[in-house]
Amino acid sequence: MPNAAPALARPNRWRLWVAPIALGLALAVWFNRPAAVSGRRLPGFRLSADEYGWAAKLPAGSPTVLGHEITIKLDTRETPDEPRILPPVREDQARLLRRILPVLPELVRKAEAGLIAYDAEVTDPKFRQVLRSVELWFPAEPESQAHWALVVERSDLPDFGYHVEFVDLDLHAVWAAD
């Protein structure tokens, strides 16, 4: 039986380049996940995910609507779980929010005046007790990139909301519906 020559051991070089590539891909995925992208687009806000998009509180001392704090609501999908992975805050949403915040006190005054003109019940102190929340809402699919609304929800009618719509910084319409 012939004596087989021992095979020369070659260093396995694929391991040397696979590990850095895998690490690079993992870091790219980590830094481009929706929460990271949303955080970079809106630094200074503590964003939390919900079924339709992202939400954040306004800083302490921010204006209120009818005595209620305003929550920022940035929808990035129309239907829960479609797409499966929650998309990040869109750049146009972040840009519009940054444009609104410096003039928010003036916009809140316009919104309150619009609500009072729409429904005089708003001035009744009992009405203010049934208010549940106020959202600075950016829809997932707005009519234009400049559309947004202040939505005032009631606790006695859970699916009902007053919508004070704006186009950029101009009051556009006030309406209410389920």
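Among contacts in the protein (heavy atoms within 4.5 Å) between residues at least 6 apart in sequence, 51% join residues at least 24 apart. The model is predicted, and local features need pLDDT of at least 70, side-chain atom pairs count only at pLDDT 80 or more, and totals for chains, interfaces and linings use all residues. Residues are numbered from 1 along each chain as its sequence is written, and side-chain values use heavy atoms, with hydrogens and water left out.

The protein contains five helices and seven strands, taken as DSSP runs numbered from the N terminus (helices H or I, at least four residues; strands E, at least two). Their order from the N terminus is α-α-β-β-β-α-α-α-β-β-β-β. Of the 178 residues, 35% are buried, where buried means under 20% relative accessible area, exposed over 50%, and partly exposed in between (1.4 Å probe, protein chains only).

Helix 4 covers residues 104-118. Its 15 residues should span 21 Å at 1.5 Å a residue, and the end C-alpha atoms are 20 Å apart, which agrees; the expected span is 1.5 Å times one less than the number of residues. The buried residues in helix 4 are L104, L107, V108, A111, G114 and L115. Seen down the helix axis, the buried residues of helix 4 fall within an arc of 125°, so they line one face; the arc is that of the directions from the axis to the C-beta atoms. An α-helix has 3.6 residues a turn, so residues three or four places apart point the same way. R109 and A117 are exposed on the other side of helix 4. The packing partners of the buried residues are strand 3 (70-75), helix 3 (91-100), strand 5, strand 6 (161-167) and strand 7 (170-177).

Strand 5 spans residues 147-154 and includes R154. With 8% relative accessibility, R154 counts as buried. Leaving aside residues up to four places away in sequence, R154 touches E121, F127, V130, L131, R132, F160 and Y162. L131 is 23 residues from R154 along the chain, and their C-alpha atoms are separated by 4.4 Å. The side chain of R154 makes a polar contact of 2.9 Å with that of D156 and a polar contact of 3.3 Å with that of Y162. A polar contact is a pair of N or O atoms within 3.5 Å; within protein, one must be able to donate a hydrogen and the other to accept it, and residues adjacent in sequence count only if both atoms are side-chain atoms.
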